[in-house]
Amino acid sequence: MSHTVITTTSTTTTSTADGGFCYIAYARSFHGLLKIGQVVVLLIAFLCVHCERVYAYSAFRYFEVVTAWFLVVFFFFFLMYLFRLQSRITCINWTLTEFLHYAVGGILVFIASIVVAVNGHGNSSLIAGSVFGFMATFLIAISIWTSYKVTCGSQPTGAAV
């Protein structure tokens, strides 16, 4: 009697959904694109005012400092989520920290944009910087809203007895 033995070997490849060290899908998400937009708009606003030589130095220096600071902070938040540092540094409530930075940044960028718009005196570079500052304020307001929804969530409105 003849016996035939058939051996089947199967190879299974598994892929993790997290993507390893760098979370590239975050850069394509709404929050990632919003942060990229904020960084780009703040950079353009900073460069518009910084490259213009004006005599009222302190009024425009405030705009430069505020836009440069929040440009760096928002870029840090982007990198933090891109490389998943918030999951490694758990002693800080990152959602609340980000919400507070957005709230303070929105107010300060809005004030700085008003200062540049008032003191621009028809200078096209300063007016462009102010417009980009207002655009950044709008993007920051969207981030405040989405961060608030995550931080506070949907709270019940009725009292439970």
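Predicted model: local features only at pLDDT ≥ 70, side-chain atom pairs only at ≥ 80, totals over all residues.
**Overall fold**

The chain has 161 residues, and 32% of them count as buried. Its secondary structure consists of 6 helices and 0 strands. Read from the N terminus, the order of elements is α-α-α-α-α-α. Among contacts in the chain with a separation of 6 or more, 77% link residues 24 or more positions apart.

**The H3 and H5 pair**

Helix H3 covers residues 57–82 and helix H5 covers residues 94–119. The two pack with their axes 9 Å apart and at an angle of about 155°. Angles over 145 degrees count as roughly antiparallel, so H3 and H5 are roughly antiparallel to each other. Their crossing is left-handed. Sorted by class, the residues in the contact of H3 with H5 are 21 nonpolar, 5 polar and 1 charged.

**Residues in other helices**

Ile 24 lies in helix H1, which spans residues 24–28. Its relative accessibility is 41%, and Ile 24 therefore counts as partly exposed. In sequence, Ile 24 and Phe 83 are 59 residues apart; in space, their C-alpha atoms are 8.6 Å apart.

Ser 130 belongs to helix H6, residues 124–152. With a relative accessibility of 3%, Ser 130 counts as buried. Leaving aside residues up to four places away in sequence, Ser 130 touches Ser 113, Val 116 and Ala 117.

Most residues other than glycine have a negative phi. Arg 84 has a positive value, with phi near 60°. His 121 also has a positive phi, near 50°. Arg 84 sits in the loop between H3 and helix H4 (85–88), while His 121 sits in the loop between H5 and H6. Are these two residues buried or exposed? Arg 84 counts as buried because its relative accessibility is 16%, below the 20% limit for that class. His 121 is exposed, with a relative accessible area of 70%, and the limit for that class is over 50%.

**Cysteines**

How many disulfides does the model have? The count comes to 0. A disulfide is a covalent bond between the sulfur atoms of two cysteines. For Cys 48, the closest cysteine sulfur is that of Cys 51, at 7.8 Å. The rule requires a pair of sulfur atoms within 2.5 Å, so the sulfur of Cys 48 is too far from that of Cys 51 for a bond. Cys 48 is buried, its relative accessible area being 17%. Cys 22, at 22% relative accessibility, counts as partly exposed.

**Accessibility of the named residues**

The table lists the relative accessibility of the residues discussed above.

| Residue | Relative accessibility | Class |
|---|---|---|
| Cys 22 | 22% | partly exposed |
| Ile 24 | 41% | partly exposed |
| Cys 48 | 17% | buried |
| Arg 84 | 16% | buried |
| His 121 | 70% | exposed |
| Ser 130 | 3% | buried |

Methods. Residues numbered from 1 in each chain as written. Heavy atoms only, no water. Axes fitted to C-alpha atoms, helices over the stretch in contact; angles between N-to-C directions. Helix = DSSP H or I, 4+ residues; strand = E, 2+ residues; numbered from the N terminus. Parallel < 35°, antiparallel > 145°, perpendicular 65-115°, else oblique. Left-handed = near helix turned anticlockwise from the far one by under 90°. Nonpolar A, V, L, I, M, F, W, Y, C, P; charged D, E, K, R; others polar. Buried < 20%, exposed > 50% of the residue type's maximum accessible area, 1.4 Å probe, protein only. Contact = heavy atoms within 4.5 Å.
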